[in-house]
Structures are given as C-alpha cells and as structure tokens.
Amino acid sequence: MINEQNENIPRRHLIYSEWWQKVVFWRESHIKEKTFVIILALVVGILGGFAALLLKTLIHLISTLITSHLALTGGNYIFLICPVIGIILSVLYVKYFVKDNISHGVTRVLYAISQNKSRLKPHNMYSSIIASSVTIGFGGSVGAEGPIVATGAAIGSNIGQLFRLSPRVLMILVGCGAAAGIAGIFKAPIAGMLFTLEVLMIDLTTVSVMPLLISSITAATIAYIFTGYDLEFLFIQSENFLTSSIPYAILLGLFCGVVSLYFTRVMLRMESFFGKTLKTQWKKTLIGGVMIAGLVFLFPPLYGEGYISINQLLDGQPSSIVDSSIFYSDGTHTWFIILFIGCIILLKAFATSATTGAGGIGGTFAPSLYVGCMTGFFFAFLLNFVWVDLDLSLKNFALMGMAGVMSGVMHAPLMAIFLTAEMTGGYDLFLPLLIVSTISYGTIKIFEPYSIYTMRLARRGELLTHHKDKAVLTLLKMDSVIERDFMSVRPEMNLKEMVDVISKSNRNLFPVVNENGILLGIVLLDDIRNIMFRPDLYKKMYVEKFMSAPPGKIEVGQSMESVMKTFDSTGAWNLPVVEEGRYVGFVSKSKIFNSYRRVLRHYSED
C-alpha cells in the first residue's frame, strides 16, 4: 500500500504538470503578453489588497486584545512583557516554520529584482504577514508596510513564475504587488505606484505604467469597500497655510533632513551592533527584547505602529500622548509634553532597530511617518515659544513633518508628498508638502546617497537603479563574462616549452601561475614575438624573465560597475580574475560589451 502511494505521488504531479503546460501554451498562443500582463496586474491588485486587509485586521485584533484594558492615568507593567512575547513568537515562527530570513522586506525585494531575476519564494506570500502581525500587535515598534510590500511583491513574482514569464515581466509584476500592498494598507493608489518607481526603482515605461496603476487602484478599491471611506489619519485643516509661513516650511525641511539623517544612521549602527557584535539569536532576542520593553514602558507611544499618537497630534490633542505612561499627570505642563515628544523623536530609531534586531518582523516605513509627525509638531511648538506672535499651526506642521522625514529616510519625495496627502486628505497643504519634502530629501542626499532600504545593496554593488548603464551592469553576473579557456604557464618553463603552449592555443595572452595556482603575472604574445623564432634562446630564456605584471586584477564577486571602472583606469582590454590570489580566468571588455547589449535589449523592450 505504501509503495502504491509513493508511485502515485509523482504520477499525480506529472498529470498536473501536463495539464498546466497546456494552459500555459494556450495562453501563449491566444493572449498577447502585454494584454496578459494587464490581466495579471488586476489579479495581483486584488490579492495584494486582501493581503493588506488581512495584515491590518490581524494587527488590530491582537493590539486591541492587549491594550483595551490599559490604565490611562499611570504606567502599565504589561508593556514590559508583551513586546518580548511578540518577538519570541516571531523568532520561533521564523526559525521552525519558515526556516528562511524574512527580515528587511523591502531590501529583499530590491535584491530579488537586481540579483535573482525578480524571483521570490512562495512562502513570502504569507510568512511576513503572520510574523509581522504578531510582532506589531504585541507592541514591536515597527511598521507593517515593509512586510506587505514583500508579500505583494511575492504574490506578483509567483503568479508570473507560474505562467513562465520572462524576468522583465516578472519585474513589472513584482512592482505591481508592491504598489498594491502600499495602496491597500494606506488607501493611497498614487503613492503605491510612486513607491514602486522611487523606492523599488522600476522604470516608468509604456509597458509598466498601466499595470502599476491597475494594481494600485484595485488594491485601494478593496480597502475602501471593506473598511469604508475614512482616511487613515483624521486631519481637518482648520488653519490655513499662509505664504508668510513659507520660510518656516523651508526651515522645517532642513530640520527634517537632519532628523532623517539621524534616524538612518542610528538604524544602521544598531543593525551593525545586532548583526556583528551579538552572534547568537538568543542574545539578540534578550538584549533587543529588554530594550524595546523598557522603551515602550517609559514611552507608551512607541508601542506598535504609533498611529494613535499621530491622530492625537493631528487632531490637536498633544496632552493625550502621555496617557498610559508613568509620567501621566492631570496638570501635565505643556513644556513636559514637548520634552516627552522630543525624547520619542530621539528614541524611536532605537526602538525600531531593537525590535528588528531582536528578531521581530517589521519595516521602517511607519516609523519614519511617526517620527516625521513628531518632528513637525516639535519644530512648530519651539518656534511659537521663541516668537510668541508667530502662531504657526501645530497640526499643519505635524503633517508637513510626516512628508519631510519620510522623504528623507526613504529618498522618495514624490511618494512622501502624495502618501501624506492621500492618507490625511491634506491636499490644501500641497505647496508646503512639496517644499518640506524636497528640501529634506536634498539635505540628506548631501550626507547619504542611498536610502535606508538601498544602502545595504549599494555597498555590495547589487542595487538596480534608474541609471540605465548602472542598472544593466548590475544585472550582469561576473560568472557569465569570465573566460576560462586561457592556457596557463609556469615561471620556470623555458622559451621552447612556452612556444609549444602557444602552438596549442588560440589566444595571445597567457597567465603565469605557480604550483598553488597563484597568479604571478602574464605573458603577451606581442612581447615575445621577436624572440620566439630564435632557437638559440629556447634553452636560455625562461618565462619568469619575460613575463609582466597585469595592469590590474578583478576579484571574484566584484560588482560589474567596479569592474568597468578598473578597465577605464587601466586602459586594458583583458584583465585576469582571481579568487584570494588564485587564477580563475580572464574578463575581456568586448565580452562585457556584448553581454551589455544583450541585457539592455532584453530589458528595454516595450
């Protein structure tokens, strides 16, 4: 009976494969690719919208169960326990069920696009939803947007793989899934599309624009159908933005740029601390858990995404921000509230990085929104205090700060502007949102050329960008351009032996290696042409006498962009490739140019 079952399993799989192949062949012969991409974009938008809805619902259910009975007039010791429980559950789930690294969702999507032909694993369609809902619901100080981007992108990738679509089309579907995730979770279709263009750096072409719009609009429509037409954040503009406030908007942009830089640097330093200093997972969980528990206990607004606190500031209720904390007081002085908010601005990056460093799953999208709101409010309050007659609108500046810090942290000014406007309905503040976002982005670009998402990949030369040359070089793989048919020689060989090797080779370049395979130099045919036909020198001249040093070397794993820089600096047409000094092969500039043209032609088709 057992043998029969084992024999039936591959048979059923074979039947399924044959049936699906017929479906794929029928599609290829009856539906044009451009039309089919539009259909799949609609499907990805629907699934991405429901995924966003599911994630928001799970987070809300878990957090409501925990926080619905909290005391508002004092500290709550449950904050010392819940974030740690959430992180431990996430770590166990990832370790024993997922068995794969699912942290840094947006960065992993970027890596898949640039280095893995836009292919994401099937478990990415659900694993981040489960892990992040537990992490955030129990109080982890991270956002749900990174996980939903990874989920939506995985949905698009796996549907595309199911129909055997090319990497170029998979890239578009990955962007559709990411756009659907952002649009669905924020009810912001324009921001969803702009996120894909600015953060994931997918080109806006005649092929990509329609699928991205369809996915974003579909996901946002699903969010509106099931959750109503309420905006994500309650904002009523009761105070007009005056042109006399433009100089202060400019100053806020500069301030947001500095805060964005601080947030980014702290996140990266803390990530390095947890990744390099703490070697074992349980040390990371223990130290990170203690950090986040202590911070949330002292500053309850750091609990979860922090959207309640954003609503309080936008609604003109800053005194509510000290609720449920040990600092609560009926007559809390305004200055203490501002000091409290200032501490939150400084500590949010530590809380977020402690959550992810400990093993929790979540993103930095919502934290940047949160810090931005606090920053704008803090900035306006201080100016109003210094100049009593100034009377800047605190909630208007809080809204502008959201766009400013988000723009700086994510290097996505257009997305930040439209997302802030779509989430709050604050379209009347479009001009100041433009000013603050642009200046914040310009400020941080002076110090950090890459966003918090792209920095990890950019340092390794694995980032796909809008720069066409760099994008194509990133897509090229070193292994695909290494030529290994060069015949090597030894330094102790004489000229006669060298001539024998030349007679068997169709190359005019010969690497010189020792007995361990270490590259010592090269021999160019042109350099010995004048002596190779002199038999009297056959026994007198040795390779070590006429070999020369290569103009440069390429290391295995080196990015193609840096390889081209080496070619440019040396002026060479062929360079040896080594791995820890051992000879591997040669890379020729002509081979790279041929591969470049092939990849460029493939990814530029409309």
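In this predicted model, the ring of Tyr370 has a charged neighbour: the charged end of Lys348 sits over it, 4.6 Å from the ring centre.

A search of the whole structure turns up 19 aromatic pairs. One of them joins Phe379 and Phe397, and this pair is stacked because the ring centres lie 6.2 Å apart and the planes meet at 20°, under the 30 degrees that stacking requires. The two partners come from distant parts of the chain, 18 residues apart: Phe379 belongs to helix α14 (residues 365–386), while Phe397 belongs to helix α15 (residues 394–410). Elsewhere, Phe186, Phe195 and Phe365 come together in one aromatic cluster.

Which residues surround it? Setting aside neighbours within four places in sequence, the contacts of Thr355 are Ile87, Thr135, Gly140, Ser141, Val142, Ile292 and Gly360.

Stepping back to the whole chain, the model contains 25 helices and 6 strands. The chain has 606 residues, and 56% of them count as buried. Among contacts with a separation of 6 or more, 76% are made by residues 24 or more positions apart. The accessible surface comes to about 27000 Å², and carbon and sulfur atoms supply 62% of that area.

How far can the details be trusted? The mean pLDDT of the chain is 85, and 90% of the residues score at least 70. Confidence is highest in helix α5 (residues 127–137), at a mean of 95, and lowest in helix α19 (residues 468–475), at 49. Two stretches deserve a mention here. Residues 1–9 have a pLDDT below 50, and beyond near neighbours in sequence this stretch makes 0 contacts in the model. Residues 465–469 also fall below 50, but that stretch has 11 contacts beyond near neighbours in sequence. Where pLDDT is low, the predicted coordinates should not be read in detail.

Definitions and conventions:
Residues are numbered from 1 along each chain as its sequence is written. This is a predicted model: local features need pLDDT of at least 70, side-chain atom pairs count only at pLDDT 80 or more; totals for chains, interfaces and linings use all residues. Side-chain values use heavy atoms; hydrogens and water are left out. Rings of Phe, Tyr and Trp (its six-membered ring) pair if their centres lie within 6.5 Å; planes under 30 degrees apart count as stacked, over 60 as edge-to-face and the rest as tilted. Helices (H or I, at least four residues) and strands (E, at least two) are DSSP runs, numbered from the N terminus. A charge sits over a ring if NZ of Lys or CZ of Arg is within 6 Å of the ring centre and within 35 degrees of the ring normal. pLDDT is the predictor's confidence in each residue, from 0 to 100. Contact means heavy atoms within 4.5 Å. Buried means under 20% relative accessible area, exposed over 50%, partly exposed in between (1.4 Å probe, protein chains only). Accessible areas come from the Shrake-Rupley method with a 1.4 Å probe; for residues, only the protein chains shown count as cover.
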